[in-house]
Structures are given as C-alpha cells and as structure tokens.
Amino acid sequence: MFKILKYSFYDLARSRWSYIYFLFYLVLALVLLFLNHDLSKAVITLMNVIIVLVPLIGTIFGVMYYYNSREFTELLLAQPIKRNSIFLGQYLGISISLSLSLFLGIGIPFALYGLFNSAAIWDFSLLLITGVFLTFIFVALAFNISLRNENKIKGFGYAVLLWLFLAVIYDGIFLMSLILFEDYPLDKLSLAGTMLNPVDLSRTLILLKLDISALLGYTGAVFKQFFGTNLGLFISLAVLFLWTIVPTFSILRKARRKDF
Amino acid sequence: MIEITSLYKKFNKNPVLLDLDLDIREKGIFAILGPNGSGKTTLIKSILGMVIPDKGEIKVFGENIKRTSEYRKKIDYLPQIANFPSNLKVKELIKMIKDLRGNTERDLHLIEQFGLEPHLDKKLGNLSGGTKQKVNIVLTFMFDSPILILDEPTTGLDPLALIQLKNLIQKEKKKGKTILITSHIMSFVEEMTDEIVFLLEGNIHFKGAIQTLKKDTQQNDLEHAIAALLEKNNV
C-alpha cells in the first residue's frame, strides 16, 4: 500500500494543480494577514473560505484523479497487489497531498507572521485539523461516487451535487426547519443537525473556539455549552473521524467487488 | 496451467460468459478470437482477477484465484489501452513497476530493442500512441513469468516494432511459456499462434489448431474459416 501511496503522492506533487492550490492558500493567507494585522480575524476569514473550498477541491480532485487514473489502476490490478492496497494507497495519496498544500499554504504565512508567539495558535491548529479532516472526508466521498459510476460526467455531476448539498443546501433546509418549528425547543435538534454534516460541524467547532458564540444567541449558548467543553470537542472530532472512516471502508468494500 | 470451470458472468442483466469451460495445459501460443462482444476481454480479465465472476472457478497453476493476488506474479499482462499517469517519466514508470513486482535487468535490452532510449526522460503524457504501446510492451515483457496475456498487442505499432514484437513473442514461446493473445488482425494470428480458442456468445465454439479449423470449414485462409464458423452459427 505504501508504494502505491508514494507514487500517487509523487504524481500529484508534480501536478500543476497542486501548486496552484498551494499558491492560492499562500496568497490568500498572506493578503489576509497583512491587510488585517490580526491573527484571529484572519483565522475567521480563512475559515469561511476553507469550509467551502476544501470540500469542493477535495471532491473535484478525488473524482478527477479516479477517472484519469482508471487505465493505470487497471495496470496495477494486473500486478500482484491486493485491491485494498491499490485503492487505499491512491486515496491516501490524494488526501495527503491536498492536505499538505493546505497545511503549507496557510501554515507558512502564519508562521512568518509570528503565530508561534500568539494566542491564536490553538484556533489556528483547529482550523488546520478540520481542514485536513474535510479533505479526507470529501476525497473519500468522491472516490465512493466515482467507483459507483462508470460514466465520468455522471460521477462528476453527483460529486458536485453532494458538495452543493452539504456545503449550501443542507444549511438552507436546516434554517427553514428551524424557522418552521420555532415554537418547539430546538437546541437538541439543531445540535444533531450540525453533527450530521461535516461542513457545519467544522464551522461550528471553529466559531465556538473563537469565542464569538455570543453572536449566535440562545442556541449559541447551548452550542457553547456543548462544543466549548473538552467533551464536546472530543465528540466533534470523533464524529469527523467517523465521517472519514465510514466512507473509507465503503471504498474498500465497493472496490473488492467491482469489475474493471 | 489455466483451468476454468463453468465460468458465468453477467454485466447488469447482460450475460457475457455462459458457463464457459477452458483448460489450457499445454505450452505455446493461443489466440482467443471472437466477434466484438463475445466475451474475450471479460475472459482475460477474469483470469487476471480484474473481473469478479458470478459463478465458476478459475485455477492458475492449480491454485484457486479467488481473493488472492500472489498468483499474478506468474502472469504478465499487456492491456489493450495503454494510459499511464501523465506526470510520470517513462524511466520512473519502469522503476515503479519494478519496485512493485521485483527487480529485473531485462528492461535494458527491451528498451534498446524498441529504441526507447530517447524517450526515457519524457513524461508519459507527451508520448505518441505507438510509443506508449512500446512502453507497455517493455513493462509486460521485462518480467519472466510463465504465462503471458496480450490484449491486442499490435495496436499502434509501426512495421519495425511489429516485427520486433513478433520475434519477442516467438522467443518467449521457445522458453516454454503459455501465451494468450487476442487480436483482430487475422494475418498476425495465423502467423503467430498454434491454437485457436473461438468464443461466441459467451461460450467456446471451437478450440484447436488453425489447420483443423481450416479443414473443418473447408477454407484456405483463417479469415474465411472464421467467417464460415460465424455463418454456421447464424451470426
């Protein structure tokens, strides 16, 4: 598996798109830092970008890599290598290389700006951790979709729809349901609703760490009570972890039965 | 070497292989022929474990291939479409496959034979179709496995490379290997192969020497013999 991982990683590390992705974050973080002159504010703005962009890039890269390397995957399948190793290797290769672009792209400017002497380092670490989780989650989801769809266009379409749903539409439905049922106690429901979507979960997790939960009103207080504690943080990270592990197993299960 | 018993495979609701039995014990070159959609590639891919059969059993050197990958060390496979990661250089791809399968020195000779030296430092995405096929050939032949499976090996090759490929296949045959080839070019099949396995609608309709087929169908060349075989079966 590690050999496949290594080569997938090298393959992507040399792709122009990895550098564009890296440079985008580099420029974004630099501009934010030197315009804002405030680490915490920069973290918030970055979060808004990362929460939406990381899943999108993960989805698109995952789908594109799968379909582009199809024939090569077939070449590997004819070698004495287990299927699990091939797909796990490719999946980790993409996820790690994308995570590295993110990590270095926003890590370098923040480190230069003096992150290590600042109190924002924990918020920043949490931002990075959720960013990495989102990358792994969405690449895994994209792989699942591509494995189940022979047709490139369909696979691409479904993957983008899934992203759109989790990043945008879900929030809409969520808000509508809150308004519709505003006469009922909704704190438990909204807590569960947030937990079920990795994008929302990441956003809430960071926002509450940043101590701006007062903006969120009463529900914010409930959330603060939950996410603000170590237990809440632990459960949230566990849910993100589940969001990573379940699709990964689903990739392996599908790959074992698939015809190439 | 390869024993297949009642192999059954359907894609969605479309049956491709219908309880196919095939037993290849002898050494030599076997051509797997048949019209488009007769199940040639599915058969080959089942042997390689790329297609998972619905029913039936495949044994390679007496070992059931279900859920194992080790047996593929004994098989070299030349796929039909050669598409490699475009960011890798030819050199790196060869190194990588060696890394995955074990070291070999045979590639040096093959690279020289197919004149690939000037391309070694090029990225695979920048190669022409024929050159890619040559790389594909090097990757397949650089391991000395007892079974060779070649899916349309002549695609995109220039006449010189084609002659070299033929010599290469003959050389491997003399070593006592079992070689399976699919091809649509009948002259190539006639020149190269000892036996024909003719697939039609998911089953084997003829297995035997080219001479026998010609005699059975009372035709002088293979192309017409195959056509006669198809006509006999009302296709």
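Author: Start with a term: a salt bridge is a side-chain nitrogen of Lys or Arg within 4 Å of a carboxyl oxygen of Asp or Glu. Keep in mind that this is a predicted model.

Reader: Okay. Which residue meets B:Lys9 in a salt bridge?

Author: A:Asp259 does. The N-to-O distance is 2.7 Å.

Reader: Where do those two residues sit?

Author: The pair crosses between chains. A:Asp259 lies in the segment after helix H11 (230–257) of chain A. B:Lys9 is in strand S1 (residues 2–11) of chain B.

Reader: What does B:Asp99 form a salt bridge with?

Author: A:Lys6. Their closest N and O atoms are 3.4 Å apart.

Reader: How many salt bridges are there across the interface of chain A and chain B?

Author: The rule finds four there. Over all chains, the count comes to 26.

Reader: How many residues of each chain are in contact there?

Author: On chain A, 24 residues touch 30 residues of chain B.

Reader: And how much area do chain A and chain B bury between them?

Author: About 2500 Å². Carbon and sulfur atoms account for 58% of that.

Reader: Which three residues supply more of chain A's buried area than any other three?

Author: A:Tyr7, A:Arg14 and A:Pro80. Together they give 25% of the area that chain A buries against chain B.

Reader: New topic: helices. At what angle do H3 and H7 of chain A pack?

Author: About 165 degrees, with the axes 10 Å apart. H3(A) covers residues 39–68, and H7(A) covers residues 152–180.

Reader: Why is H3(A) called roughly antiparallel to H7(A)?

Author: Because angles over 145 degrees count as roughly antiparallel, the angle makes H3(A) roughly antiparallel to H7(A). Their crossing is right-handed.

Reader: Which residues make that contact?

Author: From H3(A), they include A:Val52, A:Pro55, A:Leu56 and A:Tyr67. From H7(A), they include A:Phe156, A:Val160 and A:Trp163. By class, the contact has 11 nonpolar, three polar and one charged residues.

Reader: What about H7(A) and H9(A), at what angle do they cross?

Author: Roughly 80 degrees, and their axes come within 8 Å. That makes H7(A) roughly perpendicular to H9(A). H9(A) spans residues 198–209.

Reader: Who makes the contact there?

Author: H7(A) brings A:Leu166, A:Ala167, A:Tyr170 and A:Asp171. H9(A) brings A:Val199, A:Asp200 and A:Arg203. These residues divide into four nonpolar, no polar and three charged.

Reader: One more pair. How far apart are the axes of H5(A) and H6(A)?

Author: They are 9 Å apart, and the helices pack at about 150 degrees. H5(A) is residues 83–113, and H6(A) is residues 121–148. The angle makes H5(A) roughly antiparallel to H6(A).

Reader: Is that crossing left-handed or right-handed?

Author: Right-handed. The contact has 19 nonpolar, six polar and no charged residues.

Notes:
Residues are numbered from 1 along each chain as its sequence is written. Chains are lettered from A and ligands numbered from 1 in the order in which they are written. This is a predicted model: local features need pLDDT of at least 70, side-chain atom pairs count only at pLDDT 80 or more; totals for chains, interfaces and linings use all residues. Side-chain values use heavy atoms; hydrogens and water are left out. Axes are lines fitted to C-alpha atoms, for helices over the stretch in contact, and angles run from 0 to 180 degrees between N-to-C directions. Helices (H or I, at least four residues) and strands (E, at least two) are DSSP runs, numbered from the N terminus. Angles under 35 degrees count as roughly parallel, over 145 as roughly antiparallel, 65 to 115 as roughly perpendicular and the rest as oblique. A crossing is left-handed if the near helix is turned anticlockwise from the far one by less than a right angle, and right-handed if clockwise. Contact means heavy atoms within 4.5 Å. Ala, Val, Leu, Ile, Met, Phe, Trp, Tyr, Cys and Pro count as nonpolar, Asp, Glu, Lys and Arg as charged, and the others, Gly among them, as polar. Buried area is the accessible area (1.4 Å probe) that two parts lose on being put together, summed over both.
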